[in-house]
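Me: I would like to learn how to read the features of a model. Please take me through one, topic by topic.

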Amino acid sequence: MATSVGRNDPCPCGSGRKYKHCCGRPRPPADVLYVHPAKQGVDAVVPPGRSPGRAYNLIPVGLPALVNELRKDGVEVAGVSYPLERPLNPNFDLRAWVRQHRMAKMVLIDLHWYEHAYGAISVAEVCKEVLPEIGVVIGGLTASGFAREILTHFDAVDFVIRGDAELPLRQLAQALRRGAPDLATVPNLSYRIGTQILENPRGYCATTADLDGLDFADLSFLEHYEAYLVHEYIVVDLPASRQALAQNRPFRGRWITTARGCKYECAYCGGCRSAHQTLAGRDGIIPRSPEAVVGEIHRLAERGVDQVSLSYDIAEMGGDYWRSFFLLLRERNVQIGIYNELFQLPDPAFIKQFARSVNMTHSCLTLSPLSGSERVRRLNGKRYSDAELINVLDHLNLYNIPIFVYFSLNLPGEDETTVQASVDLAGQIANHYPSSLLKIINSCHTLDPLSPMQQHPEKFGIRTEWSTFMDFYTYCRETQFAGPEARSGARRGFEFVNPEARSVTAMADAWDAGRGGRETSWWPIPPSW
């Protein structure tokens, strides 16, 4: 690995162990490589006068399970998170790292979120440049939605797995290891033979039994995986974590899968029910059992993980589910923080069980009213009133639960009038909830592929500007670095049918002005994409 760290030096991951006993342990030759891309290209250099944009460090929650399925088959996998390696070692060279694995037959690159559209292709091109014979495989929601177009425009990509990938990836890896692959039998696979692009039928969609049998926890294939855990501790501004970070003690977190799919059609979300139906053939949600989820959380707690983030809101999975989940946490005496994003408002009984069952030092719940206008909120998929929200805040406050409250500045329906309602609601929340337990966040939304907004813009009074993969690829290339235009709604992929009806700059200014005297718990509009 390209690194300036000595074998007997402390490991840069922060574990306290020597590098040779931690992330620097010798590894067998790799059959398969994995690279998590940044939003930025591999050779990106921040221009003068600009600042780095968000790299989007988080690895897709399902990726570790895919790799661990390969490892069950005896496949050696070596992985890096590119946006993590550069801060750890500014001299890290992805080309040199790939070159060290000349025997690898395949490289996996995630393209789950559209924000990685440019960075993922950049990584693919670097891998092909260094090892021209390696098979480049990408997957994830965005890759699934644009498989044919990606294969048409980018020769560096050899395979796209559409939808769920556990079985298809194992079959593809076995075929490539045989050297004379019969790709026609691999479900969900798109690929190229000469100039012809072929798409096999979608024949695999994970069941609950499939998900329960997967290992989402083990990241040991990833170089500097101990350091990566620090990036998956999502909420670093809790009261206890502020104190610990001041003492230079980083916390560790993990995202884990609670379910796949969704039962909602929120306007802005490319992971909505219809998107999962289109991309994976899944209708609604496929849950993992509470026993499987808690068992995985227990193992992570035993490994020193402080906080687990849940991929799907367990409050939306039914009372029987979350009661069983919390009971199992208590019965097994699992001492860990839980981060859960609430899709709607929870039952007060859920809040009580949450408070009884988790380590509150590292726990947080999030609420997403999106707008202070109840009309705008309903238009975008949130089904509750201001009064119902304040009532839930009372229950949360009763148990001193840290919360994040999310607004979205530029969604359909939001304008210079309704944004004042958002400012007023944020002020009411700030006055109502202890500032040490509260963060209020607002940002501009960008168009998601296959979201209801993108598929049916006429229902939301908008015009969409992006529809192809190249649209999203170009957007990512042009927004690699932060800039003040981000807070004003520039390059977001849609606009009002009558764009003169609102000024996003004026809306952002109104939001930031409302923070006066409450800056510690009320964040400004961020100047990045």
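Cavities, sheets and a pocket

Reply: Searching the whole structure turns up 2 cavities of 30 Å³ or more. A cavity is a set of points, on a 1 Å grid over the protein atoms alone, where a 1.4 Å probe fits but cannot get out. This is a predicted model: local features need pLDDT of at least 70, side-chain atom pairs count only at pLDDT 80 or more, and totals for chains, interfaces and linings use all residues. Residues are numbered from 1 along each chain as its sequence is written, and side-chain values use heavy atoms, with hydrogens and water left out.

Me: What volume does the second largest cavity have?

Reply: Grid points are joined across faces, edges and corners, and a volume is the space filled by probe spheres set on the points. For the second largest cavity that gives about 40 Å³.

Me: Which residues line the second largest cavity?

Reply: Lining residues have an atom within 4 Å of a point. Here they are D31, V32, K105, M106, A173, L176 and R177. Helix α7 (residues 166-178) gives the most, with 3 residues. Helices (H or I, at least four residues) and strands (E, at least two) are DSSP runs, numbered from the N terminus. By class, the lining has 4 nonpolar, no polar and 3 charged residues. Ala, Val, Leu, Ile, Met, Phe, Trp, Tyr, Cys and Pro count as nonpolar, Asp, Glu, Lys and Arg as charged, and the others, Gly among them, as polar.

Me: Now the pocket. What is the volume of the second largest pocket?

Reply: A pocket is an open set of points with protein on both sides within 12 Å along at least five of seven lines. The second largest pocket has a volume of about 290 Å³. It is lined by 14 residues, and the closest to its centre are A38, Q40, A44, A55 and R86. Helix α2 (residues 82-88) supplies the largest share of this lining, 4 residues. The lining divides into 10 nonpolar, 3 polar and 1 charged residues.

Me: On to sheets. In what order do the strands of the open sheet of 7 strands lie?

Reply: Two strands pair if DSSP finds at least two bridges between them. The order in this open sheet is β3-β1-β4-β5-β6-β7-β8, and the pairing is mixed. The edge strands, β3 (77-81) and β8 (196-199), each pair on one side only. Neighbouring strands are turned by 20° against each other on average, direction ignored.

Me: How many bridges join β6 to β7?

Reply: Strand β6 (residues 159-161) and strand β7 (residues 189-193) run antiparallel and are joined by 3 bridges. F159 stands opposite Y191 in β7. Next along, β7 and β8 are antiparallel too, over 4 bridges. There R192 has I197 of β8 as its bridge partner. The β7 and β8 hairpin has 2 residues between the strands, and G194 takes a positive phi near 65°.

Me: Which helices lie across strands of this sheet?

Reply: Contact means heavy atoms within 4.5 Å. Axes are lines fitted to C-alpha atoms, for helices over the stretch in contact, and angles run from 0 to 180 degrees between N-to-C directions. Helix α1 (residues 63-72) lies across β1 (32-36), β3 and β4 (106-110), at about 160° to β3. Helix α4 (residues 117-130) lies across β1, β4 and β5 (135-139), at about 165° to β4.

Me: Is the pairing parallel or antiparallel in the open sheet of 6 strands?

Reply: Parallel, in the order β9-β12-β13-β14-β15-β16. The twist averages 20° from one strand to the next. Helix α12 (residues 290-302) lies across β9, β12 (307-310) and β13 (337-341), at about 165° to β9.

Me: How many residues of β15 are buried?

Reply: Buried means under 20% relative accessible area, exposed over 50%, partly exposed in between (1.4 Å probe, protein chains only). In β15, 5 of its 6 residues are buried.

Me: Why does R249 count as partly exposed?

Reply: Because its relative accessibility is 43%. R249 sits in the loop between α10 (239-246) and β9 (253-256).
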